[in-house]
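I opened this notebook to record what I looked up, beginning with a sheet and ending with a pair of helices.

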Amino acid sequence: MKRIAIFYRNRINYSSIQYIEDNLLSILDGYVEIRNLFLNELGEFEQIEADAFLVLYEEMLPLLVTHIRDFSKVIVITRSIKREHIQPLLALPSGTDVLVVNDSRESTLQTVFITYEVGIGHLNLIPYDADLYQRGVYATIDHAIVACGSEELVPPHIRHVINIRNRDVSFGTFQNIIRLLHLENTPAQSNLLRKVQDDLDTGSTFIENYLGSYLKDQLLLSAVGNLQAGILLLDHTGHVHYVNERAHQILGLINGDTVTGTAGLDPIFTDRREYRDHLVHLEESNYLIQKTSIKIADTTIGYSFVLQSEKDLRDSEAGLNARLKNKGLYAKYTFDDIVSRSHAMNRSLEDARRIASTEYTVLIRGESGTGKELVAQSIHNYSRRKNAPFVAVNCAALPETLLESELFGYEPGAFTGAKKDGKVGLFERAQNGTIFLDEIGNISDSMQAQLLRVLQEKQIMRVGSDRIIDINVRIIAATNADLEARIESGDFRRDLFYRLNVLSLTLVPLRERRADVLPLLRTFLGTKFEQLTPAEREALTAYPWPGNVRELENCAHYYQTLNALPPAVLQSAGNRPASAAQTEPTGAAKPDPARAVKPAAPIPVPVRLTEEAAARAVLRAIATHSDAFSGIGRRHLQALLAEEGLRLGEGKLRLLMRKLSQDGLLEPTTGRAGTRITAAGLAFLAGQDPVS
C-alpha cells in the first residue's frame with residue numbers, strides 16, 4: 001500500500017478537503033492510503049514520511065522545507081472543470097466582465113487559469129479580492145464564477161452566478177501520481193481512463209503518457225467546438241506559467257520559460273495592448289492570436305493567449321472567409337460589385353459570365369487599370385470553384401527566382417536561405433480553385449517554359465524536388481501587353497500564348513466607355529458626388545482617363561481630400577464636346593477593342609532631372625498605375641520611367657521612394673500589393689505641397 005500525504009494550510013473549508021480525498025480514492029482506492037496534514041498544526045521541524053506528497057499551490061512549497069526530505073516526490077495538484085459547467089461560460093458575450101470567487105487568493109487564481117486553459121478566452125476574468133469588494137470596485141459587475149463552498153463570498157448585487165462546484169483533481173495530476181507510485185499497469189490506470197470519458201480535464205502535466213495528450217486534445221475539442229488552439233499563460237514579466245501541447249509545438253516554450261525573443265513575437269508578448277483576431281506569420285504558417293489581460297482591479301497580473309493556425313481555420317468556413325482575405329486566397333468581388341452602364345463593358349461582363357461556367361483557361365486583356373483582377377475574381381465566384389481558394393500573383397512584381405519558388409514551392413535546403421521545412425507553392429495553395437497570373441506578358445523565357453508544362457500536364461514540381469505533384473487548378477491570366485507583337489519579336493512563346501488564349505476576354509479602356517465614368521465616380525465618392533458642378537461633370541466625361549478606372553479612383557481620392565478635381569481633368573474640359581463625351585456610338589460598328597489604335601508612345605529621350613522633378617515623375621507614374629487594392633512594383637515603375645526617358649538605377653530609385661514614403665507621399669505595402677500614392681502625394685502633384 002502506497003502512502004500519500006496531502007498538505008493544506010488549515011482545516012477551513014473541510015468539505016473541499018474531503019472532496020479531494022474522495023476524488024483521489026475514486027481512482028486509487030486499494031492502492032493508496034491518504035493522510036491529510038495541516039501546516040498550522042505541524043511541529044516546526046516535524047518530518048513527514050510518504051511515497052508521494054501533494055500540495056494545492058506552488059506557493060506552499062517553501063513552507064515544506066522543514067517537513068520533507070525528498071522534494072522529487074512532491075506533486076502540485078491541478079484541478080479541472082466539469083464539462084456541464086463550460087457551456088454557460090461559452091454562452092456569455094465576448095468581453096463580459098466576470099468576477100471569479102473562491103475561498104483563497106491561490107484558489108481564485110487557479111480557477112482563472114483553468115477557465116482560460118479550456119479555451120474560454122473571450123471573457124474578462126477578474127479575481128475576487130475582499131478589500132476591493134469593500135471599496136465598491138465590483139459594483140458594475142453582473143456575472144460571477146464561484147466554486148463550491150465560496151457561495152457566500154459572492155457580492156449580493158451580482159445576478160448571474162455560474163457555480164462550477166467542486167473541481168476534480170485533474171487527469172494530469174493523476175497521471176503524475178500513477179507514474180510516481182509505479183501504478184501504470186494496474187486497475188488505477190483503467191479507472192482514470194473511464195473517469196475522463198465523463199469529465200472535462202484541464203491538466204497539463206500528463207504529456208509524457210502515451211494516451212494522455214490525445215485524451216486532453218479530444219476532450220477540449222468536444223467542449224469548445226472542435227477548437228485546436230494553442231493556450232499560453234504569462235505573468236506580467238513575460239514568464240510562462242502554462243503552455244499546452246499545441247502552443248509548445250508552435251512556439252517551443254515550456255513552463256518557466258521567458259518569451260523574450262520567442263518566434264519574433266516580442267511586440268505582441270511584451271506590450272500592454274489586448275488583441276482580437278490578430279494575424280501573424282510564423283514558420284511559413286499563418287496564426288490568429290487572441291490576447292486577453294488577466295487583472296486584479298486595474299492591475300494587470302498577466303495575459304492569456306489563444307493561437308489558432310490557418311490549417312485549423314480552414315476547417316471552419318466562417319473562419320476561412322473572415323481571416324484570409326488579405327492573404328490572396330479569397331476572391332472578394334463578384335459581378336454585382338462591378339459598376340457598368342456602357343454597352344461595351346456590359347457585353348464584356350456577359351461574356352465573362354459565360355466563361356465562368358466553363359473550366360477553360362482564360363486570358364484577360366486590357367490596359368492597366370481597366371479592372372482585370374476584379375473580373376478574374378468575379379469569374380471565380382461565378383464558377384463551380386467558388387468555394388475553393390482564389391490565389392492572385394503579380395508576375396511582374398517578383399524577380400524570376402523568387403517567382404519560381406512562390407509559384408511552385410520548394411523543398412528543405414533547396415537553396416541558400418530556404419526555410420528548413422520547405423514551402424508550399426501558390427499552385428498547391430490554389431488546389432481545386434483558381435490561380436490568377438497578372439501581367440503574364442512580363443515573365444522570363446524560363447518561367448514561360450515551366451508554365452507551359454503546367455498547362456499541358458496539370459503537374460508541378462517543387463524547387464529542389466524530383467517528385468511530381470498533380471494539381472487541379474484553373475488558370476486565369478491577364479496582360480496589358482501586346483502579346484502578338486512580343487511573339488513576333490521572340491519575347492513570348494507562341495505555344496504558351498495559344499495555351500493561355502483558350503478563352504479571351506478584352507476589357508475596353510474607360511475612354512471608350514465614358515457612360516461609366518460618372519456612375520463609377522458616384523460609387524467612389526458616395527454622397528459627396530452630389531457636390532460636383534455641371535461643369536465638373538462635363539470635365540470628367542471629357543477627360544481621356546489614360547489610367548482608366550484606377551486613375552478615376554485616384555481622382556475621387558483627390559476630390560475627397562482637396563474638394564476639387566485634379567488640374568489635368570479640369571484642363572480637358574474644353575478639348576472635347578460634351579455631347580460626344582457623354583454618348584457612345586450606337587448605330588455604327590464598333591472597332592475591335594483588341595485592335596484599337598493606341599496613342600503613340602513618346603520617344604524616350606534621356607534626361608537629367610532635379611530631385612523634385614524626379615519625385616514628380618515617380619509620383620505621376622505610381623498615381624496612374626495603382627488603385628485601392630493594387631499598387632505598382634519597383635521593377636514595373638522603373639520600366640515605366642524608362643519609357644519616358646528617365647532612367648533611374650535600382651539604388652537611386654529605392655532611395656527616392658524611401659524619402660517619398662518618409663514624407664508621407666507614398667504608401668509602401670508588403671507582398672504583391674506594391675506601392676500606392678497617398679492623398680498628400682496627390683496634393684504634391686497638384687503643386688500644393690512641396691517636398692521637404
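I count two strands as paired if DSSP finds at least two bridges between them, and I take helices (H or I, at least four residues) and strands (E, at least two) as DSSP runs, numbered from the N terminus. The model is predicted, so I kept in mind that local features need pLDDT of at least 70, side-chain atom pairs count only at pLDDT 80 or more, and totals for chains, interfaces and linings use all residues. Residues are numbered from 1 along each chain as its sequence is written, and side-chain values use heavy atoms, with hydrogens and water left out.

I found an open sheet of 5 strands in the order 17-20-23-16-24, with parallel pairing. Strand 17 (390–394) and strand 24 (503–506) are at the edges with a single partner strand each, so one side of each has no neighbour in the sheet. From one strand to the next the twist averages 20°. I then followed strand 17 to strand 20 (residues 434–438), which runs parallel to strand 17 and is joined to it by 5 bridges; Asn-394 has Asp-438 in strand 20 as its bridge partner.

Entry on the helices. Using axes fitted to C-alpha atoms, for helices over the stretch in contact, with angles from 0 to 180 degrees between N-to-C directions, I noted that helix 19 (residues 517–525) and helix 21 (residues 548–562) have axes that come within 9 Å and cross at roughly 50°. That makes helix 19 oblique to helix 21 (under 35 degrees is roughly parallel, over 145 roughly antiparallel, 65 to 115 roughly perpendicular, and the rest oblique). Where they touch (heavy atoms within 4.5 Å), the residues of helix 19 include Leu-520 and Phe-524, and those of helix 21 include Leu-552 and Tyr-559.
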